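Please look through the model below with its chains and numbering at hand.

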Amino acid sequence: MPESLNRMNRRDFLKASGAIALAGTLPVSMVELAFADSSKNFTFAYISDAHIQHISGNSFVRNWDRGLIRAVAETNLLDPKPDFVMFGGDLAQLGSKAELDHGAEIMSKLNFKTRYVMGEHDYYLDLGEYWSELFGPQHYSFDHKGVHFVVLNSILTYDEWTFDRWPTAKQRMLEMAGLDNPNGSPFMVGEEQRKWLADDLAKVKKDTPVFVVSHSPIQKIYKGWNFWTEDAEQVQALLQPFDKATVLYGHVHQIQYNQIGNITFNSVMATAWPWPYPRSYAQAESHMPKLTVPMNRADPFFERDATGWQLIDVGTGRASLRYQLYNNTNRTVAFNTTTGQPEDSMYQAEDKRVPPQNQY
Amino acid sequence: MRTCIFTGILFLGLLLGSSFLTGAMAQDPVPPLGLPPVPIPPDNLQTPEKIALGDKLFHDTRFSTTGEVSCATCHVREKGFTDSPLKVSEGINKLTGTRNAPTVLNSVYMTSMFWDGRSPDLEDQSLQPFVNPVEMGLKDHEPILAVVRSDPDYTKAFDAVFGKSGDAVTMKEVTQAIASFERDQVFGDTPFDRWYFEGDETALTDAQKRGFDVFINQGRCVSCHRVEQTQAIFTDNRFHNIGVGINNIQGDIPNLVPKFVKADYTRTEVDVAVLTNPSTSELGRFVVTSTFNDLGSFKTPTLRNISLTAPYMHDGSQATLRDVVVHYNNGGVTVAGDPVNDFLSGGIRPLELDDAQIDDLVAFMESLTSPEVAQMAAATGEE
Amino acid sequence: MWKRASGICAVILILAAGILPSGVGADEFTEADLERWEGEFMSVVEYGRELWVSAELGTNGVACAQCHPNAANTHPETYPKFQQQLGRVVALRDMFNWCLLNPLEGAELELDSREMVALEAYAYYERRGVELAPGKH
C-alpha cells in the first residue's frame with residue numbers, strides 16, 4: 001500500500017487520501033470545467049468589501065489591508081487566468097480620499113482589467129464623486145462572451161435621508177457606516193436607475209444570460225443590518241422575463257445563496273472581516289434563504305478566518321462560485337441544472353454538514 | 001480475623017494482578033505530567049519487544065548506500081533526537097537537503113509528519129528518507145528487506161514480534177517497528193508542567209513566569225503553540241506561513257507556483273524535490289495540497305525540549321531562541337522593516353515586546369525540557 | 001416617665017417611617033422600585049452600547065460593532081468556557097479584553113471597571129431570552 005501511494009501522481013494522491021472530495025474543491029488551477037459548449041465558458045475573479053480603514057497619516061488598519069493584499073496576490077497566481085476582475089464595493093470604510101487611494105493602490109497590483117461596484121462605505125461621504133474619478137460610472141453595463149453584465153449602484157436611499165437629514169457629509173457617512181445603526185436608511189436602486197435598467201434590458205434577448213452585479217442583495221433578508229433592498233421586488237420583476245438571470249452581491253460578508261423564480265442569487269465574501277448570520281441576533285426576525293448552507297463559524301483568533309474572495313465560472317450562462325477562503329476548506333456554490341437552484345457542492349444535504357456549520 | 005486478612009491479601013493480590021495483566025496488554029494509561037493520553041493506532045500496539053526492534057532498526061546504518069547513515073544520524077538521541085547544531089541535515093556523503101531535522105520526542109502527538117505534513121503518520125514517514133537521494137540514497141527498499149530477512153538477530157526479532165519470517169516480513173513490519181520505537185519517546189514532567197499543572201511555585205523562576213505571561217498574552221504564542229487546561233503539547237498540528245524562508249523567494253512566486261502545479265509530480269517526486277530544490281522547499285505545504293492557503297506554510301512544531309534542538313525553523317535559519325522571538329516580534333520578518341510576504345498567516349503581526357519581555361519569553365521556553373531528556377543530553381559527556 | 005418614653009418612641013417611629021422606603025420591611029419592593037431599578041440597569045446598557053460603537057476603545061479606530069452588530073456572535077450565554085486560544089476556561093470579560101488587545105490593537109480594561117460592566121450589560125441585554133449554555137464551544 002505505501003509503495004503504490006508513492007507512484008501516484010499528486011492529483012490522484014490527493015483524491016485517494018481524501019484531501020479533496022469533489023471537483024468543486026480541487027485546487028483552483030486544477031478544476032476542469034464540465035460544461036457543455038466550452039467556447040462560451042469563462043472565469044472571472046471577484047474581490048469585495050475590503051473596507052480599507054484610515055487611522056491617521058500614512059497608517060491604515062493592518063488587518064483589512066492584509067486581506068486585500070492577499071486576495072490580489074492570489075488572483076495574480078491563477079492559472080488559467082481569469083478574464084477580468086470585479087470589485088464588489090466598500091473599498092473604503094469611511095469613503096475618504098486616503099482610503100480610496102490606498103485601496104486603489106493595492107488593487108493596482110492586479111494584472112487584469114478590473115471593474116468596480118459602488119458600496120455604501122464608498123458613497124456617503126461625497127456621494128461617489130471621488131470614487132467616480134477613480135473608477136468611472138456608478139452604474140453601467142457591458143457584454144462578455146455572450147453574457148450581459150449590469151452593474152448597479154444599489155446602495156442609494158431616500159432623498160430626504162441623503163440630502164436633508166444630516167448637518168455634515170462626515171456625519172452622514174458615519175451614520176451609514178454603522179451596520180446596526182437605528183439611524184440608518186434602507187438601500188435601494190431607486191426609480192431613476194430602475195428606468196435606466198429597464199431600457200438597458202429591453203435591448204437584450206430573453207435567452208441571453210443576464211448577470212446583475214450589485215452591492216446590496218436585491219432581496220429583503222434583514223432590515224436591521226441593511227441586508228435589504230427596498231425596491232427588490234421591482235428590480236426582480238425586471239429580471240423575471242429572462243431565462244437565466246443571476247444576481248451577485250456583496251455587503252453581507254458571508255456566504256448566502258437563493259433562488260427566486262428564475263433568478264439565482266449569490267453573495268460574495270469580504271476580504272476584511274466576516275459578519276454574523278442575521279439569525280444570531282436573538283431579538284429580531286430575519287429571512288435568510290433556507291437554501292443557504294452557512295459558512296463555517298468564524299474563529300476570531302485567526303485574523304483571516306471567514307474572509308476571502310471568489311472565482312466565478314460561467315458556463316452555459318450559469319454561475320459557479322469557488323470561494324477562496326484563506327483559513328478554511330474552500331467552498332463551491334454552483335447552479336444545479338437538475339434541481340434548478342444553486343447548491344453547495346459538498347454540504348448541501350443535511351447529513352453532510354460539519355460542526356462548524358451547525359455550532360453557531 | 002485471620003480469614004479477614006487472608007481475604008484481604010487475596011483481594012489485593014487479585015487487584016494488583018489484574019492491573020498488571022492489563023498493563024502488559026494495553027498501553028500505559030497514565031501519560032507523563034502535562035501530556036494528553038498517548039494515541040496508539042489499534043493496528044500497531046506497543047510492546048517492549050517491538051520498541052526494542054524499532055530502536056535497532058532506527059540505528060542501523062546498513063540501510064543506506066554508503067553503509068554510514070541511519071535514522072539516528074540526523075535524529076540523535078542525545079541531541080533531543082535532532083542533529084543540532086546543523087541547520088539542514090546531512091545524509092550520505094554529507095549531502096545536504098533543505099530542511100532542519102525535526103525531533104522525534106513527543107512526535108506521537110503529531111497528526112502529520114514532515115514540516116509540510118506530506119506524510120500522514122510515523123509509519124509512512126519512515127519510508128521516505130531511505131529512498132531520498134540526499135538522505136540514505138537507496139533506489140528502493142529492497143536492500144533493507146534483504147538485511148532484515150537474513151540477519152539472525154532480525155529474523156528472530158521479527159518472528160517474535162510479528163510472528164512473521166522470510167518474505168512475509170515486509171516494509172509494513174519494518175515501519176511499524178520503527179514507529180513503535182518513536183511512539184515510545186514521550187516525555188513530559190518539565191518544570192513548566194510542575195508549575196502549571198501541579199501548582200509548584202518553586203518550579204519556575206520569576207523570569208520564566210513572566211515569560212509565560214508573554215506567551216499567553218502579548219506574544220500570543222499560545223494561538224499555535226497550544227497550552228490547554230490539563231495538558232499542553234505546544235502545537236496545533238496546523239500549518240502557518242510565518243515569513244521564514246518564503247521571504248527569500250517572494251519575487252519568484254509568480255513563476256514557481258504555476259511551474260510546480262504544471263509539473264504534477266508523484267508523491268515520491270515531491271519528497272525528492274522538496275529536499276533537493278531550495279525554492280520548492282520554501283513553498284511549504286503548498287507542494288502537498290496545491291491550495292493558496294498553504295503557500296509558504298509549515299507545521300507548528302512542539303516547543304517541548306526546544307532548548308536542545310537549535311537552530312530553528314524548517315530551514316534552520318534562526319540560530320537561537322532569541323532570534324526566533326525577534327522574528328515574530330518584527331511581525332514575520334527576520335530583519336525589522338523588511339517587507340512581509342503577501343501570504344503571511346493572519347496571526348502574525350508586530351508584537352511590540354521590549355528586550356526584557358523577549359528575555360523572559362526565552363527563559364520560559366527553557367523550562368520546557370523534560371528531566372529524562374536533559375539527562376540523555378548530559379550523558380554524552382560521560383563516555 | 002412612660003409618657004416621655006412613649007413620646008420618644010413615637011418620634012423614633014416617625015423618623016424611622018421617613019427613612020425607610022415605602023414599606024416597613026426590607027423584603028418589600030413596589031412596581032415603582034422595579035421600574036426605577038430597570039432604568040438604572042438600562043442606563044448602563046446604554047453606556048455599553050456607546051462603547052460598543054465607539055472608535056476610541058482601541059488605537060486603530062475599529063469598533064466592536066464592526067464585526068458584532070447588535071453584539072451578535074458574541075455568545076455571552078456560553079461563558080465561562082474553554083477558549084482554545086487562551087488555553088484555559090475564561091469569562092466573557094476575558095474575551096472582551098482579548099478583542100481590545102488584538103483586533104482593536106488597544107489596552108485591556110480592568111476586569112472590575114465601569115466600562116467592562118457596561119460592555120457585558122449591553123452584550124447580555126442584546127442576547128436576552130437565550131438559554132444558558134456555559135462551556136459550549
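A:Pro80 sits in the loop that connects helix 3 and strand 4 of chain A; helices (H or I, at least four residues) and strands (E, at least two) are DSSP runs numbered from the N terminus. The peptide bond between A:Asp79 and A:Pro80 is cis, with omega about 0°. The model is predicted, so local features need pLDDT of at least 70 and side-chain atom pairs count only at pLDDT 80 or more, while totals for chains, interfaces and linings use all residues. Residues are numbered from 1 along each chain as its sequence is written, and chains are lettered from A and ligands numbered from 1 in the order in which they are written.

Helix 3 (residues 62-76) of chain A lies across strand 1, strand 4, strand 14 (308-315) and strand 15 (318-325) of that chain, and runs at about 165° to strand 1. Axes here are lines fitted to C-alpha atoms, for helices over the stretch in contact, and angles run from 0 to 180 degrees between N-to-C directions. Contact requires that the C-beta atoms of two residues, placed from the backbone, lie within 7 Å.

These strands belong to an open sheet of seven strands in chain A, ordered 5-4-1-14-15-16-17 and mixed in its pairing; two strands pair if DSSP finds at least two bridges between them. Strand 5 (114-116) and strand 17 (341-344) of chain A are at the edges with a single partner strand each, so one side of each has no neighbour in the sheet. From one strand to the next, the twist averages 20°. Strand 1 (residues 42-47) and strand 4 (residues 85-87) of chain A run parallel and are joined by three bridges, and A:Ile47 is opposite A:Phe87 of strand 4.

Chain A also has an open sheet of six strands, in the order 6-7-8-11-13-12, again with mixed pairing. Its edges are strand 6 (140-144) and strand 12 (257-260) of chain A; each has a single partner strand, so one side of each is left without a neighbour in the sheet. Strand 11 (residues 245-249) and strand 13 (residues 263-267) of chain A pair in the parallel sense over five bridges, with A:Ile263 as the bridge partner of A:Ala245.

For chain A as a whole, the secondary structure amounts to eleven helices and 17 strands. Of its 360 residues, 52% are buried, where buried means 20 or more other C-beta atoms within 10 Å of the residue's own, exposed means 12 or fewer, and partly exposed lies in between, with C-beta atoms placed from the backbone.

In chain B, helix 2 (residues 48-58) and helix 7 (residues 171-183) pack at an angle of about 100°, their axes 7 Å apart. The two helices of chain B are therefore roughly perpendicular to each other, a term for angles of 65 to 115 degrees.

Chain B has a cis peptide bond too, between B:Ser84 and B:Pro85, with omega about 5°. B:Pro85 is in the loop between helix 3 (71-74) and helix 4 (122-130) of chain B. The loop between these helices also holds B:Asn93, whose phi is positive, about 50°, although it is not a glycine. B:Asn93 is exposed, with 12 other C-beta atoms within 10 Å. B:Phe114 lies in the loop between helix 3 and helix 4 of chain B and has a positive phi near 80°, but B:Phe114 counts as buried, with 21 C-beta neighbours inside 10 Å.

Technical notes. Parallel < 35°, antiparallel > 145°, perpendicular 65-115°, else oblique.
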